[in-house]
Amino acid sequence: MPRAEKTFRKESPVSAFLRAIGAVAWKDLAAEFRSRELFTAMLVFALLVIIIFNFALELDISTRRSVTSGVLWATFAFAGTLGLNRSMSIEKDQGSLDGLLLAPVDRSAIYFGKVISNLAFMLIVEAIVLPVYSFLYGVNLLQPGLMLILLLGSIGYIVVGTLLAAMAVQSRTRDVMLPILLFPVVIPVLIAAVKASEGFLSGGEAAAIVPWLNLLIVYDVIFTSLAFMVFDYVVEE
Amino acid sequence: MIQVRKLVKRFGTKTVLNGLDLDVREGEFVALLGPNGAGKTTFLRILASLSQPSLGEVRVAGHRLPHQAAAVRARLGVVSHTPLLYGDLTAQENLRFYGRLYGLSDLTKRIDEVLALIGLTARRGDLVRTFSRGMQQRLAIGRAVLHDPDVMLFDEPHTGLDQDASAMLDRVLKSVAAQGRTVVMTSHDLARAETLATRYDVLSRGVIVASTTRQQLRNSNLLAFYKRSLAD
C-alpha cells in the first residue's frame, strides 16, 4: 500500500482545539453508551443514598423541605466522585491515556472533552434522581431556578473533579485519593449550591440567593481557567 | 531523523539514562536491545514526548523536545505492548476517534486503507474487546500509522503474542518499514529483531554500549554480538 498523502486538515488552532474536545467527549459518551459501567454505578449509588436518607430521617413535611438541598447535593457529590474516578481510571487501566497524550493537540483539549462527558453523566443522573426524590419526599423540585443552580454547581464540581481525578489517577491509592483531594476544594461550591437551592425551594428573596449564585459563577470561571493552565503539567510524567 | 545528545533521565535519585547519544538516519530500522531495566522504554517515552529529559538534547524530525512536542507528535507513531485502544468501541470507531483527534481529512478513505493494511477489514464493525491480543496489536499499528507518520516507535510490540500472531505482526511491521519510515523498536526477541531491523544498538545502564548493522553482522549473528556487547 502506498503511503498516504499528508491529509491533516487546514484549520485554525481554535477549530483544531474544539475538534479535539469534541472527539474526546464523543469517544467517552460512545464507550459509555455501550458499557454503561460508569453511569449505572453513579445512578444506583445516587438512588440508594436518597432512599437511605428517606428511611433514616423520618421527617415531617416542613422539615423535608428544609433538608432537601443538603440531601440532594450530598447525593450528587458522592455519586459524582464515583464517576470522576472511573472516567480517568478507565484511561489509565487500558493504557489509553498515553494514546490521548500522543495526539498533536493542546492537552487541555483532553481535559475539556472529559469535562463535557463527565458533566453529561452527572446531569443525566440528576435528571433521573430529581423526580424520584420528588416522589419519595413529596417536594416539588421542577423549578427553573433550581435547574440553574444544579447546572452551575455541577459545572463547578466537575471542572475541579476532572482535574483532580487526572492527578489522583497517577497515585496507587487513587480510589481514596480523589475524595480526599476533591471535597476540601469543592466546599465553596457545595455551600453555595446548598444555600442557593434552599433559597429557591423556600421561595426566598432574590437578594438572599444572588450572592450564592455569583459565588458559583465566579468559582466556575476561576477553576475552569486554572484547569486550562495547569492540566498539561498534571498529566506530564 | 533522530538526534540524541548526552541524554540524562533521573527519577528521584535513580539515573535511568546516563548521557545517551544516538543518531538515526531517515529510513533506518533500528532495534534497541538490552536487559530489563536498561532504560529502553524510558528512552522511547522521551522520544515520544511522553516523558521529559532531565538533561541533554533530543531532536525528532528536526524538532526539539520538549519545546516542540506537538510538532514531533504530528510526525510520530507509537506502538507499545499495551494497544492504546478502547475495548468498548469498534475497530473503525477507534480509528475514527484517533483520526479526529489528529485532525485528518478524508478519514473514511484513510480508515479503509489502514484496515486493509493490517488485515482487519472484515472485523471493522466488531468491538475491540472481542479481538484476540494479536488482532489488537495489529489494530494498534493501524492506529499508529493512521496519520502517516515519518517516525515510528515500537516498544516490545511482540509481548504476549503467540507464534502465529507474531508472524502476522512481523509482516505488518515489514510493510510499515518498507514505506520508507524511520523505525526504532525495542525488543528482547533477538531472532525477530535480527530479521526485521537493519541496525542494532545495545543499551545497558543508560548508555548505548555497542552498535552494528545487518551488513556488518554477515559473518556473525546478533546473539553473539549482543552477549559480547554486554560482557565488555
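B:Ser204 stands opposite B:Val207 of strand E10(B), where strands are DSSP runs of E with at least two residues, helices are DSSP runs of H or I with at least four residues, and both are numbered from the N terminus. The two strands concerned, E9(B) and E10(B), pair in the antiparallel sense over six bridges; two strands count as paired if DSSP finds at least two bridges between them. Two residues lie between the strands of this hairpin, in which B:Arg205 takes a positive phi near 50°.

The model is a predicted one, in which local features need pLDDT of at least 70 and side-chain atom pairs count only at pLDDT 80 or more, whereas totals for chains, interfaces and linings use all residues. Residues are numbered from 1 along each chain as its sequence is written, and chains are lettered from A and ligands numbered from 1 in the order in which they are written.

Strand E3(B) and strand E9(B) run parallel and are joined by four bridges, and B:Leu33 has B:Val202 in E9(B) as its bridge partner. Strand E7 (residues 151–155) and strand E8 (residues 182–186) of chain B also pair in the parallel sense, over five bridges. Within E8(B), B:Thr186 is the residue opposite B:Asp155. In general, strands of a sheet pair through backbone hydrogen bonds, either parallel or antiparallel.

B:Phe11 has B:Lys14 in E2(B) as its bridge partner. The hairpin of E1(B) and E2(B) has two residues between the strands, and B:Gly12 takes a positive phi near 65° there. E1(B) also pairs with strand E4 (residues 55–60) of chain B, in the antiparallel sense over five bridges. In that pairing B:Arg5 stands opposite B:Glu57, and B:Ile2 has B:Val60 as its bridge partner.

Two helices of chain B form a packed pair of their own. The axes of helix H3 (residues 91–102) and helix H4 (residues 107–118) of chain B come within 10 Å and cross at roughly 125°. That angle makes H3(B) oblique to H4(B), since angles under 35 degrees count as roughly parallel, over 145 as roughly antiparallel, 65 to 115 as roughly perpendicular and the rest as oblique. The contact is made by B:Ala91, B:Gln92, B:Leu95, B:Arg96 and B:Gly99 of H3(B) together with B:Leu107, B:Arg110, B:Ile111, B:Val114 and B:Leu115 of H4(B); residues are in contact if their C-beta atoms, placed from the backbone, lie within 7 Å. By class, this contact has six nonpolar, two polar and two charged residues, where Ala, Val, Leu, Ile, Met, Phe, Trp, Tyr, Cys and Pro count as nonpolar, Asp, Glu, Lys and Arg as charged, and the others, Gly among them, as polar.

Taken as a whole, the secondary structure of chain B comes to eight helices and ten strands. Its C-alpha atoms fill a box of roughly 50 × 40 × 30 Å along the principal axes.

Chain B also meets chain A: 29 residues of chain A are in contact with 30 residues of chain B. Helix H1 (13–35) and helix H4 (96–101) of chain A each supply at least two residues of the side of chain A that touches chain B. H1(A) gives the most to that side, with nine residues. The residues of this side of chain A divide into 13 nonpolar, six polar and ten charged.

Methods: Two residues are in contact if their C-beta atoms, placed from the backbone, lie within 7 Å. Axes are lines fitted to C-alpha atoms, for helices over the stretch in contact, and angles run from 0 to 180 degrees between N-to-C directions.
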